[in-house]
Amino acid sequence: MHKFLTTLATAASLCCVPSHLQAQTIAQIVVSASGGATAGQFDNDRNDYDILLTALTAADLVDVVADPNASLTVFAPNDRAFIRLARDLGYSGNDEAAAWDFLVQALTGLGNGNPIPVLTDVLLYHVAPQEISAFQVFLRSLFGLRIPTALPGATIRPFFFVLIDNEPDLQNPFLTRPINLMADNGIVHGVTRVLIPGALP
C-alpha cells in the first residue's frame, strides 16, 4: 500500500498542470500535505499526516478516500492530534513512531488481540458520506443536526466548530487548518484531536 501512496505522490509531481488547478482526491491531498514521496514516514513534523496515512494503510482504507467517484468529508487529525490521543491514554513522549506503537498496543487490547477492527471503526468515524463545508458544520450546530459518519450508527454532534464525539471523558476536537480544502471527491477539514466513536474503558 505504501507503493500506492508513493505512486499517487509521484503522479501529482509529474503532472504538467499547475498545482492549484490539479484535480486531486482526498488521498492525494493528504499524501501531498505529508511530504509527497516521503508521506507516511515518521519525521516528527507534527503538523502533517504521517500517522493518519499509516493508520489508513494498516486498516486498508486508502482506497475509500482515493475513490474519485465518492463525495466525502474527512475530518483529518494531524500527527499532533494522534500524539495527544496517545498521551491521553498514558503515553508520555512526543515521538510520532513511539506514539503510533503505543496506540497500536492500546487498540490491540481494546480489540482482544487484533487492533485492526477498532482502528477501522475510529477511522471511519472521521469520514462523512457527503460533502459538508465548515459553514454547514456551523449551521448543523445551530439547528441541532448531527453529522453522519461512515461508521454505521455513529454520528458527531457539532457545537459551533467543535465536534463532540462519543467519548465523554476526553477533550473534543475542533476544526483547524486546513478548512474547506476541496478535493475531487469531497472536502478535508483539519481537526485538533482524534474523534472517538465510543466510550473507552
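**Reading the strands**

Modeller: Let us begin with a pairing: strand S6 (residues 175-183) and S7 are joined in the antiparallel sense by 5 bridges. Please keep in mind that this is a predicted model.

Biologist: Which residue of S7 is the bridge partner of leucine 175?

Modeller: The partner of leucine 175 in S7 is valine 191.

Biologist: In what two senses may strands of a sheet pair?

Modeller: Strands of a sheet pair through backbone hydrogen bonds, and the sense is either parallel or antiparallel. Here, S7 (residues 186-191) also pairs with strand S1 (residues 72-77), and these two run parallel, with 6 bridges between them. Within this pairing, leucine 72 stands opposite glycine 186, and threonine 73 stands opposite isoleucine 187.

Biologist: How many bridges join S1 to strand S2, and in which sense do they run?

Modeller: There are 2 bridges between S1 and S2 (residues 127-128), and the two strands run antiparallel.

Biologist: How should I read the directions of the side chains along a strand?

Modeller: In a regular strand the side chains alternate between the two faces of the sheet. In S1, Leu72, Val74 and Ala76 point one way, whereas Thr73, Phe75 and Pro77 point the other way.

Biologist: Are the residues of S1 buried or exposed?

Modeller: Buried here means under 20% relative accessible area. By that criterion 6 of the 6 residues of S1 are buried, and the strand is mostly covered. The residues pointing either way from S1 are all buried. S7 is likewise mostly covered, with 6 of its 6 residues buried.

Biologist: What is the strand order in the open sheet of 3 strands?

Modeller: The order is S3-S4-S5, and the pairing is antiparallel. Strand S3 (147-148) and strand S5 (162-164) each have a single partner strand and stand at the edges, so one side of each lacks a neighbour in the sheet. Between strand S4 (residues 155-159) and S5 there are 3 bridges in the antiparallel sense. One of the paired positions is arginine 157, whose bridge partner in S5 is isoleucine 164.

Biologist: Which helix packs on this sheet, and which strands does it touch?

Modeller: Helix H8 (residues 134-143) packs on the sheet and touches S3, S4 and S5. The direction of H8 makes about 85° with that of S4.

Note on methods
Residues numbered from 1 in each chain as written. Predicted model: local features only at pLDDT ≥ 70, side-chain atom pairs only at ≥ 80, totals over all residues. Heavy atoms only, no water. Buried < 20%, exposed > 50% of the residue type's maximum accessible area, 1.4 Å probe, protein only. Helix = DSSP H or I, 4+ residues; strand = E, 2+ residues; numbered from the N terminus. Pairing = 2+ DSSP bridges. Contact = heavy atoms within 4.5 Å. Axes fitted to C-alpha atoms, helices over the stretch in contact; angles between N-to-C directions.
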